[in-house]
Amino acid sequence: MRIVIGEGSCGIAAGAGKVHTALTEALRGTDASIGIAGCIGMCFLEPVVDIYDGKTLLKRLVKVSADDAGAIAKAVKNNDLSAVSYLEISEEDSVFLKKQTRIALRRCGLIDPESIDSYLEDGGYNALKKVLSGMSPEDVIEEIKTSGLAGRGGAGFPTWFKWNAARKSEGEEKYLICNADEGDPGAFMDRAVIESDPHALIEGMLIAAYAIGASKAFVYVRAEYPLAIIRLQKAINEATERGLLGDSILGTDFTCRLKIKAGAGAFVCGEETALIESLEGKRGMPRLKPPFPAEKGYENKPSNINNVETFANVSWIIENGGEAFSAMGTENSKGTKVFALTGKIKRGGLVEIPMGLTLREVIYDIGGGIRDNKEFKAVQLGGPSGGCIPKELLDTVIDYKALSATGAIMGSGGMVVMDEGTCMVNMARFFLDFTTKESCGKCVHCRIGTKRMFESLTRITEGNGKEGDIELLTELCEGIRSGALCGLGQTAPNPVLTTIKYFRNEYEAHIKEKKCPAGECAALRQFVIDPEKCKGCTLCSKKCPVGAISGSVKEAHIIDTSKCIKCGQCKEVCRFGAVEIR
Amino acid sequence: MSDTVKLIIDKKEITAEKGDTILLAAKKNGIEIPNLCYLKEMSPYGACGMCVVEAEGSPKLLRACSQKVSEGMVINTMGERALKARKIALELIMGDHKGDCIGPCSLNCPAHTDCQKYVKEIADGDYKSAVKTIKEVISLPASIGRVCPHPCETACRRQHVEEPVSIAYLKAFAADEVLKNGEHILPEVKAPSEKSVGIIGGGPAGLSAAFRLIQQGHAVTVYDKMPKMGGMLRYGIPEYRLPKKVLDTEIAEIESLGVKMINNCTIGKDITFEEIKEKHDAVLVANGAWKSSSIRCEGESLEGVFGGIDFLRAAALGEKPAIGRKTAIVGGGNTAMDACRTAVRLGAEEVSIIYRRTRDEMPAEDIEIEEAMEEGVIFRFLTNPAEILGCDGRVTGVKLQVMTLGEPDERGRRSPVPVEGEFITLELDSIIIAAGQKNDPAGFEMLETTKRGTILADERTFATSIPGVFAAGDTTNDGASIAIKAIAEANEAAKFIDAYLDGIEIPHKKPVISEREVTDDMFTEYEKHPRIKMPQRAPEDRRNDFTEINLGFTEENAREEATRCLSCGCHDYGHCKLIKYADEYCTDCKKLKGEYHKSFKEEKLEVILRDQGKCILCGLCVRACEDIAKQGILGLVGRGFDTVIKPEFRNIDIKSICADCKKCADVCPTGALKIL
């Protein structure tokens, strides 16, 4: 039997490393082997341990802890896996994977990311072989055109078009760049691909390099992804050793070198021209477009930049044909899309679905709906550049056009689900806090504009909003949208505009009534004790860090609102539900 | 393939060179597209967002500085969307701009005298230029420099370091210096316009208007009821503050320009208003406010009761009013101070000030109060006349109601409240009521008046209800005020009279400017250097006569004092691209105000002065240093809102590597960089 532990960053964070150590110890002396895999995408069930017989999955154990190692080892030794059935994934949770269609993630969590053999055994590099043994660069571009693949980084620009532009751009030397500077809060699709299936990225990039005529390629990964960098470097080394990367790949005259460049943590470097500046060793600030990178990119040479997920689809398209890819999806959005489903959702994790599913299907059928039986309120797509979509629009299909029509965007795949307890003004403020900090400072609209939006939202959430603030915010949003230099600034108003569009009443409640309907904004909350319910247990007054609660034993307590700092500890500690927020 | 493309910019068909940007192609055809971060010698940068234009078929605005022209393009540089985007860019920049376009001294001066400029000229020893600068606004600098309550100094930023710059006395100094040498700085007078203006009243307002209008080539006649010109400057301000010789010289200067001056001419008696109107193409009424206000107190008609300005006028005329041994002056303003100190000089043995509030609330200037105290005047605060006592129709004393301070009024001034039943009696030979002054409408009945009886004049144009008749100074609207306010009004009125005579209209537009909000802690870097005191005659000496009490600055004093100026007004105002656009787009500078970006003043580069508060991060200096000067010393440091332009490697001795080329300051679109 073969025991495979899911060791992506998330699995490791949940304790997969400890499970690995404990299992190694417990299984010593047996003929069971222990291996690793990347991330299967079920964050809510980590750590995940798969037990295989050859290639057959016998059992998938979830939420495994090091303490379970003994039981698992015993079951393995006794060849009686029913003994660990209590750890097995439930039918209900299995739906999470069953309802997905995986292309970019097809090997994630299933193969060993640190072994090229594991990739090769699964048919890896066949697409590259196919390309190099008979397809011209134009053929490749044509196939991608047929597939309808669009940039998965967020903009959704047709991939073939960019490749073709770079191919046709004049210049001896051309560059291929992979944008792995995944920065949206709550997005981790690219990290999972690199950590779990690094060769898929390399293979996709090699095919793209061949198509555009580049012999040098870079992967720009954020430095906050150390495991991804280690695994990708290992994959590069192994691929180079096997003649799959470097000079005369697979014995042909196609040469391509691949280098990793670790980004220093600036969100704006996810913007392609800022990324290029950073790659050149300069301050990460966007350039003016035109000229576009296809014309003047890295070192002013023609360059093509695609996102990790885009590349991860390429080998599948080559192997299965563009038509197979375009058979999935909607009229103007083909194939599948990976989402990082997070927030107040029951089953959060990586979800790859064919375009055309509705948000409801993703959130309810795959994600299992809202945690703790609360009401769904909104879902934020596209991170700080995106927008929120309210309950009424849950039946919107996942499609570039349909999502844009709501005011949100497809984005790179962040899907943050919010429940009734989320204040939408505060949510917008959170994202503006992010963009303000991540603005590079170059253009006026973004540098000062996002700051002013953030200040205005802060005033509103603190109860200092005034009549006319919504109108001023809207005016500011529109100005920034049309005036900012790069995508970061141009899309920064989206969270504000969509929350104003769908949740204007919440803004008005903050401004006019000085109330936060969701009860999230601390400055607008008032904690009171219901004397009917209070039993005088004194627990709250003991817990209160500022001594704002008074009252004798067995008598109703009172909160002095002038002293109260609204930390909510009294409410948490009360066993009688006597503390209320007003 | 052709090397040109045809396109349309602002409905104008244009042939442009291929490869030109929209901005360049427009410029070549006389269409200016605004920009703040662009220079054609450098590659486009795209930071300011001012050059955005609309292109037919493009949902997005295009940055004209980088977008190349293409065949068939239809560009609109002044479309609504583009204008909106520019306006918001300017509002964002101005809301984060920490700088004064104009110094607060000049802004607070009702006449907007360019104080910073003439103070600098005095510091440089160039007194003639200083007087020339002052005369752009004030025709009587030596006189006004002596008497002005100087709102300029009230606003002076130097007080955040220690004390304001002695701006008013510096003005008097410069004027005296020039006059001392027998030199007269006179403006050019245009060729005769064949138009004439009659001015009623030869005080500060009338004389100022005469000075302005004569320069425009108009024939100007000033009619005044008193024996000599000068108005309140002559008959309201005592000799010891303003020697009449000084005033005479300055009035003679105005007369020398060709102004006809007619004295002893009272309207309605010697000539009617109608006659003046008939005689001239335009008339300015500037007859001042010469009637003392009453305090509505019993006994006011007794012999020995004088009105404040009546008393001062009598003294000025050498009439020696009979005030006796003991006198008291009712009031707390500058007229009260002038009156009490005049009384001292006329030989009164006991002179009191009766004022119903305390010293803190006194509207008179501090220095006047101090000097009066030094000269032995007794201040009876928190008292108010209840009744003027008399015997046989003559004043014998005053019954004073004791007062206390109540709640502050809407202006924050605590109002006096009587303390019930508490009175003091003061024995007196005379009493002078200096509780304000009023205009006299006699002879001007045909002009519409305000509720308070002053002549109604338009606040912008100073036009009255009769076309061609204008009014300015104490006689109008809110009534009596300070001389510089009357001058300010007269200057403006003169502008509108000139326009009226030329048959043109001056459009109404207040220029957009940037003003800094300051606190004391912003001035800690300055070394303290106290204000130089005006040398004065000793109190015991000066109280005996009417000779001027101030001895005047020495040249050394004046130049030293002038160097205390912080030069708050921006050196670049007038050339600044930013404020030009802000004004053009009617930017509301305060609309998008919030936290300011980090800023500092740094003189590390030795050759230039850098003021980050005015930096708009256009990056031109950085690029000039790198691309033109080939130095690459400057760079952007920090991120987002707190990005600043600094030498990138901060520990390097910049002076040793800076080539002193000053290119950075040359290209700066605002006043953030200044060549030292």
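The paragraphs below begin with conventions and then turn to chain B.

This is a predicted model, in which local features need pLDDT of at least 70 and side-chain atom pairs count only at pLDDT 80 or more, whereas totals for chains, interfaces and linings use all residues. Residues are numbered from 1 along each chain as its sequence is written, and chains are lettered from A and ligands numbered from 1 in the order in which they are written.

| Domain of chain B | Residues |
|---|---|
| domain 1 | 4-78 |
| domain 2 | 196-290 + 448-502 |
| domain 3 | 294-437 |
| domain 4 | 598-675 |

Between the C-alpha centres of domain 2 of chain B and domain 4 of chain B the distance is 52 Å.

Helices here are DSSP runs (H or I, at least four residues), numbered from the N terminus. Helix H4 (residues 115-123) of chain B packs against helix H8 (residues 167-180) of chain B at an angle of about 55°, their axes being 10 Å apart; axes are lines fitted to C-alpha atoms over the stretch in contact, and angles run from 0 to 180 degrees between N-to-C directions. H4(B) contributes B:Cys115, B:Tyr118, B:Val119 and B:Ile122 to the contact, and H8(B) contributes B:Ile167, B:Leu170, B:Lys171 and B:Ala174, where contact requires C-beta atoms, placed from the backbone, to lie within 7 Å.

Where chain B meets chain A, the contact takes 29 residues from chain B and 23 residues from chain A. Helix H2 (residues 80-94) of chain B gives the most to chain B's side, with seven residues.

Definitions and conventions: Domain bounds come from an automatic or database domain assignment. Helices (H or I, at least four residues) and strands (E, at least two) are DSSP runs, numbered from the N terminus. Two residues are in contact if their C-beta atoms, placed from the backbone, lie within 7 Å.
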